[in-house]
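Please keep the view open as you read.

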Amino acid sequence: MANITLKSVRKAYGIHEVIRSVDLSINDREFVVFVGPSGCGKSTLLRMIAGLEDIDGGDLTIDGERCNDIPPDRRGLAMVFQSYALYPHMTVEENMGFALKLAGVPERKRKEQVHKVAETLQLTQLLARKPKDLSGGQRQRVAIGRAIVRNPKVFLFDEPLSNLDASLRVRMRGELIKLHRQLDATMIYVTHDQVEAMTMADRIVVLNQGRIEQVGTPLELYRHPKNIFVAGFLGST
Amino acid sequence: MLSARQRTTLYSGIAGWTLALCLFFPIFWMLVTSFKTEAEAIGGMNSLFFVPTLENYTAINERANYASYLLNSVVVSFTATVLALAIALPTVYSMVFFPTGRTKDVLMWILSTKMLPPVGVLVPIYLMFKSVHLIDSRAALIVVYTFGNLPIVVWMLYSFFKDVPGEIIEASRMDGATTLQQIRLILVPLTLPGIASTGLLSVILCWNEAFWSINLTSTAAAPLTSLVASFSSPEGLFWAKLSAVSSLAVAPIILFGWITQKQLVRGLTFGAVK
């Protein structure tokens with residue numbers, strides 16, 4: 001269960017406003033994609049939901065609870081970073097079990113949980129390896145595995161496929177959609193790639209200059225863009 | 001005939017060895033002189049051949065308690081280094097991963113304290129320690145060395161921490177790591193070679209520091225640099241004894257540097273973490 005609501009959420013760096021009063025509600029188990037040109041604030045918005053950036057104004061609520069001042073790890077979220085951000089000095093198993101270790105889960109239970117997730121992602125063979133000995137796609141799967149192990153209510157993805165080559169990107173896209181069905185979790189996904197947005201999203205949020213231009217299902221946006229910006233941005237696919 | 005590549009190897013080898021020998025020569029000459037008699041020591045090249053003697057070392061041993069000076073040097077250098085690292089680690093962590101618009105200015109400001117000649121603050125610092133009765137105490141030296149080396153420690157750590165991708169620290173925050181855990185479990189293991197070489201450099205700087213140790217200590221807390229200085233005073237210069245005492249003073253740190261050189265080289269050439 002996880003509904004996320006943003007109410008007049010704002011963010012500014014000095015006098016430069018990067019998020020200007022965003023209102024959005026994300027339903028439980030929805031796959032929402034933030035899309036927009038670079039610098040539109042989509043990553044910042046995601047990081048504000050994650051708790052990595054402070055919210056300067058407005059309210060962020062997750063399941064009815066105001067989360068503005070709750071630290072990232074207590075929001076029940078997991079994030080997959082663009083660079084994967086695996087811990088280079090830890091094995092795959094340690095990477096995936098790190099959050100559980102910090103939470104004080106005993107070693108046996110931790111191992112069990114990590115192995116279970118590793119199996120679903122076909123990582124069992126790689127558990128003893130260090131990130132530097134993995135291919136890009138494998139690192140990506142470990143990063144996703146690390147997120148899943150924590151059993152979060154919401155998954156946040158920050159351009160997770162942009163470092164992969166084209167064919168692998170298409171395959172991972174399919175795997176993520178499958179994963180969304182399997183896990184039954186809310187997912188928020190940031191990309192600048194219209195194809196990713198159109199193929200993966202339940203709903204797309206188009207952002208431009210810190211504002212939401214339009215929210216809707218891929219087909220709604222495609223057929224009935226509210227303005228030239230949305231039409232141009234998605235139409236150029 | 002040598003091929004072009006072989007010639008490059010040969011020339012760079014000659015250049016490297018020449019430079020290394022130039023740098024090593026003073027230490028070599030000091031060591032050789034320490035085994036001469038005083039008369040031979042001032043004899044220049046005439047005394048290239050001599051019968052080695054240990055009389056200088058015996059004389060030093062009779063005049064001063066080497067072990068006590070050594071202990072002071074060890075305690076002061078290592079304590080000051082550990083303290084400087086303990087202060088610098090969280091400082092640099094916040095400067096690198098939570099920078100503000102003024103972080104660069106703060107860095108510059110920290111370094112600017114190094115631009116002040118120490119002698120400019122000798123009197124106030126001396127009086128400060130005098131008023132709290134810390135003249136000739138290890139504590140005084142530790143305080144001065146800790147803060148004296150802090151700018152360099154901060155700057156070195158800053159460059160090492162900069163190489164750690166910010167997303168790794170953010171990932172650990174998402175995983176629930178507290179600030180201390182982020183430093184202890186992620187940052188320190190990733191930058192250990194850099195931290196080690198920073199620490200080593202700080203130890204060496206403390207070990208060889210003479211200005212403050214001569215001015216703030218006399219006997220009880222005097223480190224090896226004070227011992228060396230005491231041999232170049234009133235009765236005039238005794239080169240052989242001075243060489244012997246200097247050899248004794250640098251020997252431990254050379255040994256220490258030699259043992260840790262692999263770590264040091266790795267740290268100073270420490271690149272990307274990825």
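Which residue of chain B forms a salt bridge with A:Arg150? The partner is B:Asp175, with the closest N and O atoms 3.9 Å apart. A salt bridge here is a side-chain nitrogen of Lys or Arg within 4 Å of a carboxyl oxygen of Asp or Glu, and the count between chain A and chain B is 2.

Before we go on, a word on the ground rules: this is a predicted model, in which local features need pLDDT of at least 70 and side-chain atom pairs count only at pLDDT 80 or more, while totals for chains, interfaces and linings use all residues. Residues are numbered from 1 along each chain as its sequence is written, chains are lettered from A and ligands numbered from 1 in the order in which they are written, and side-chain values use heavy atoms, leaving out hydrogens and water.

Back to the interface. In chain A, 23 residues are in contact with 17 residues of chain B (contact means heavy atoms within 4.5 Å). Together the two chains bury about 1800 Å², 64% of it on carbon and sulfur atoms; buried area is the accessible area (1.4 Å probe) that two parts lose on being put together, summed over both. A:Tyr87, A:His89 and A:Leu102 supply 28% of the area that chain A buries against chain B, more than any other three residues.

A:Tyr87 also has a neighbour over its ring: A:Arg146 lies over the face, at 4.7 Å from the ring centre. In chain B, the charged end of B:Arg63 sits over the ring of B:Phe231, 4.0 Å from its centre. For a charge to sit over a ring, NZ of Lys or CZ of Arg must be within 6 Å of the ring centre and within 35 degrees of the ring normal.

Now for rings that meet rings. Rings of Phe, Tyr and Trp (its six-membered ring) pair if their centres lie within 6.5 Å; planes under 30 degrees apart count as stacked, over 60 as edge-to-face and the rest as tilted. The count comes to 13 aromatic pairs over all chains. One of them is the tilted pair of A:Phe157 and A:Tyr189, with 5.7 Å centre to centre and 40 degrees between the planes. A:Phe157 counts as buried because its relative accessibility is 0%, where buried means under 20% relative accessible area, exposed over 50% and partly exposed in between (1.4 Å probe, protein chains only). A:Tyr189, also at 0%, counts as buried.
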